[in-house]
Amino acid sequence: GYYTKWMDKSVSTKVGTQFVSIPNVDATHKGIELEAVYTPVHNFRLSGSFSLGDWRWDNNASFVLFNDVNEKVGDFNAYIKDLHVGNAPQTSVALSAAWEPFPQLRIGATWNYYGRNYAAFDPVARNNAEDTADAWKMPSYSVTDAWLSYGLKIGQFNTTLYCNANNLFNQKYIAD
């Protein structure tokens, strides 16, 4: 479904030996998400999900910088309005298949795609009103994971053994 979420945040961080508090930093997260599952036969399942977001900072913010002995250094501005919120992909797709050839034995694989992932940035460093450049947009990437599980009973306990192969094709990527 479609979503819109407004966030009212404040950021407190240390810059070198100085502390900064940036109140009333607002962001809007909006987008669309879809998820589907299809079971063509009782022991085979296909699933998928899709998310397309547009997450941006709503406003510029003013903040006060303090030194390490809590003395006010000055009043500053963070020019972040309309920049993308970083550190999370704003486009993602997942496709998965799972098969149960025998009771309790499951084999599966999942392909994940991540795109439009903007680098996290320090709002304190965005203090030039002329600098309207967005954060770095990392290259899109995809990874494939495979897994095997087997359910068994040990004494009175139901147990599941798992074997995972993450990033099966050894894809190189930047995620953070």
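# Chatting about strands and rings

Guide: Let's open with a cluster: ring pairs link Tyr114, Tyr141 and Tyr173. Rings of Phe, Tyr and Trp (its six-membered ring) pair if their centres lie within 6.5 Å; planes under 30 degrees apart count as stacked, over 60 as edge-to-face and the rest as tilted.

Visitor: What kind of model is this, and how are residues numbered?

Guide: This is a predicted model, where local features need pLDDT of at least 70 and side-chain atom pairs count only at pLDDT 80 or more, while totals for chains, interfaces and linings use all residues. Residues are numbered from 1 along each chain as its sequence is written, and side-chain values use heavy atoms, with hydrogens and water left out.

Visitor: Back to the rings. How far apart are the centres of Tyr141 and Tyr173?

Guide: Their centres are 4.2 Å apart and the planes are at 5°, so this pair is stacked. It links distant parts of the chain: Tyr141 is in strand S9, Tyr173 is in the segment after strand S10 (157–165), and they are 32 residues apart. Strands (E, at least two residues) and helices (H or I, at least four) are DSSP runs, numbered from the N terminus.

Visitor: Is Tyr141 buried or exposed?

Guide: Tyr141 is buried, with a relative accessible area of 11%. Tyr173 counts as partly exposed at 41%. Buried means under 20% relative accessible area, exposed over 50%, and partly exposed in between (1.4 Å probe, protein chains only).

Visitor: How many aromatic pairs does the structure hold?

Guide: Three. One of them joins Trp111 and Tyr113, stacked at 6.3 Å centre to centre with 25° between the planes. Trp111 is partly exposed at 32%, and so is Tyr113, at 26%.

Visitor: OK, new topic. What does Val143 touch?

Guide: Not counting residues up to four places away in sequence, Val143 touches Thr110, Trp111, Asn112, Tyr114, Asn167, Gln171 and Tyr173. Contact here means heavy atoms within 4.5 Å. Val143 lies in strand S9 (residues 141–154) and is buried, with a relative accessible area of 9%.

Visitor: And how far is Val143 from Asn170?

Guide: They are 8.0 Å apart in space, C-alpha to C-alpha, but 27 residues apart in sequence.

Visitor: What about Thr144, buried or exposed?

Guide: Thr144 is buried, with a relative accessible area of 17%. Its place is in strand S9 too. Leaving aside neighbours within four places in sequence, its contacts include Thr110, Trp111, Ala165 and Phe169.

Visitor: Which strand does S3 pair with, and how many bridges join them?

Guide: Nine bridges join S3 (residues 44–57) to S6 (residues 89–102), and the two run antiparallel. Two strands pair if DSSP finds at least two bridges between them. Gly48, for instance, has Leu95 in S6 as its bridge partner.

Visitor: How many bridges join S6 to S7?

Guide: Eleven, and S6 and S7 (residues 105–118) run antiparallel. Ala97 stands opposite Ala109 in S7. The hairpin of S6 and S7 has two residues between the strands, and Gln104 takes a positive phi near 80° there.

Visitor: Last one: how many residues make up the largest nonpolar core?

Guide: Eleven in all, including Val25, Trp55, Trp57, Phe63 and Ile80. Strand S2 (18–41), S3 and strand S4 (61–66) each supply at least two residues of this core. A nonpolar core is a set of buried Ala, Val, Leu, Ile, Met, Phe, Trp, Tyr and Cys residues joined through side-chain atoms within 4.5 Å.
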